[in-house]
Amino acid sequence: MRDAPAKTALVTGVRGQDGSYLAELLLAHGYRVVGTSRRGGGDGRDWRIAHLLSRLDVVPLDLGDPAAVQEVVARVAPDEVYHLAAASRVDTSWERPMEALSANAGSTVNLMEAVRRVAPAARMVVASSCEIFGRPERWPQAEDTPVRPASPYGVSKAAAFWLASNYRESHALHVASAILYNHESPRRGPAFVTRKISRAAARIAAGVDRTLTLGNLEGRRDWGFAGDYAEAMWRMLQQERPRDLVIGTGVSHSVREYCEHAFALVGLDYREHVVADASLFRPVDTTSLVADARLARELLGWRPRVAFPALVEMMVTADLERVRSGADV
Ligand SMILES: NC(=O)c1ccc[n+]([C@@H]2O[C@H](COP(=O)([O-])OP(=O)(O)OC[C@H]3O[C@@H](n4cnc5c(N)ncnc54)[C@H](OP(=O)(O)O)[C@@H]3O)[C@@H](O)[C@H]2O)c1
């Protein structure tokens, strides 16, 4: 009996945190993987996928250019499309709201339109966000929680969410949104709070820095491990019926708790090194979004495998190693 031909996956934003874990997972499952990036490779931008480059194609693509998007989708002829590329920071979306809208909602339209025209049988998942719930009246949040974003980033992700729903209903596209709660890893960008803390703990322990300035220490997040969330998105596309699903751990922790754990791992008391600066608070903080991921568990058999203490330890250990080896990113 002959093996089934390998599936082809197109992953936008493959150089990002989630893109790197997803590419790893898809390659392990025998897929041909093509990733997109706004720019060509080299000059240190490949640090998350350097170990995959011999098995992965990375093509430059401006997701804001409909003709270019359609050309790539036609050429790659994907079975599965993972739309991860985004202006992914809530804080900068307050400064550049139009960038968030065009990068997050506009790119989703261009990609779905291309899939509809030249690869209509492909299955597609859009990386949505718990930020679409903004300041909800219900905890934890599930698939039927009203969408009520409270930041330009949240609005852009809400627009992409409704557009995906619209393409599913109007054009029978196999597209679903993964409503992702915060997920972290040693590959998280250094501007995100968890990575700021793990990196600072390592640098302060090594005597390179002395203090870390943060915004609201009481802010709470439902933090999981990015590798688990990449697996959830893959499982979503193995379903016959596309369904929007909430993906998260169901447990929240404060930024203060993250600091406490991270600094304790390097033998330090965070209170001697972490300074809270009110000028860094967000204009509106979504305070405490917590996932009710029961439907994902039921339909996908998915559950998060890495708990909070192990996640913090993984990140601090990686940053200690980076500081030790001089490969700090
Ligand atoms: N991580 C989380 O906690 C979380 C939670 C909820 C939702 N999400 C969503 O999940 C997806 C993956 O997140 P991630 O953590 O992997 O993000 P990430 O590390 O920031 O990666 C996103 C990638 O998108 C590309 N990108 C950045 N700005 C862009 C722009 N203005 N226009 C087009 N592309 C841009 C970048 O790749 P190039 O520079 O190579 O083009 C970047 O590597 C994103 O859609 C994010 O919004 C993430």
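Student: Which element gives the largest share of the shell around the ligand?

Tutor: Strand 5 gives the largest share, three residues. Before the details, some ground rules. The model is predicted, with local features needing pLDDT of at least 70 and side-chain atom pairs counting only at pLDDT 80 or more, while totals for chains, interfaces and linings use all residues. Residues are numbered from 1 along each chain as its sequence is written, and side-chain values use heavy atoms, with hydrogens and water left out.

The ligand is surrounded by 24 residues, where a residue is near a molecule if one of its heavy atoms lies within 4 Å of it. The closest are Ser37, Arg38, Leu84, Ser88 and Tyr153. By class, the shell holds nine nonpolar, eight polar and seven charged residues. Here Ala, Val, Leu, Ile, Met, Phe, Trp, Tyr, Cys and Pro count as nonpolar, Asp, Glu, Lys and Arg as charged, and the others, Gly among them, as polar.

Several polar contacts (pairs of N or O atoms within 3.5 Å) can be listed. A polar backbone atom of Gln17 is 2.9 Å from an oxygen atom of the ligand. For a polar backbone atom of Leu84, the distance to a ligand oxygen is 2.8 Å. Lys157 takes part through a polar side-chain atom, 2.8 Å from an oxygen atom of the ligand. Of the 890 Å² of accessible area that the ligand has on its own, the protein covers 89%; such areas come from the Shrake-Rupley method with a 1.4 Å probe. Two or more shell residues come from each of helix 1 (17–28), helix 4 (97–118), strand 5 (123–129) and helix 5 (152–171). Helices (H or I, at least four residues) and strands (E, at least two) are DSSP runs, numbered from the N terminus.

Now the charged pairs. Side chains of opposite charge can pair when their charged atoms come close. A salt bridge is a side-chain nitrogen of Lys or Arg within 4 Å of a carboxyl oxygen of Asp or Glu, and the whole structure has 26 of them. One joins Arg116 and Glu113, with 2.6 Å from N to O. Both residues lie in helix 4, three residues apart, about one turn of the helix. Glu113 is buried, at 16% relative accessible area, whereas Arg116 is partly exposed, at 31%. Buried means under 20%, exposed over 50%, and partly exposed in between, with a 1.4 Å probe and protein chains only.

Another salt bridge pairs Arg305 with Asp228, the closest N and O atoms being 3.9 Å apart. This pair links distant parts of the chain, 77 residues apart: Arg305 sits in the loop between helix 9 and helix 10 (308–325), and Asp228 in helix 7. Arg305 is exposed, with 63% relative accessibility, but Asp228 is buried, with 3%. Helix 7 (residues 226–236) is itself mostly covered, with 10 of its 11 residues buried.

In helix 10, Glu321 and Arg324 are three residues apart, about one turn of the helix. They form a salt bridge whose closest N and O atoms are 3.7 Å apart. Glu321 is partly exposed, at 44%, and Arg324 is exposed, at 64%. Finally, a network of salt bridges links Arg199, Arg203, Asp209 and Asp328.

Conventions:
A polar contact is a pair of N or O atoms within 3.5 Å; within protein, one must be able to donate a hydrogen and the other to accept it, and residues adjacent in sequence count only if both atoms are side-chain atoms.
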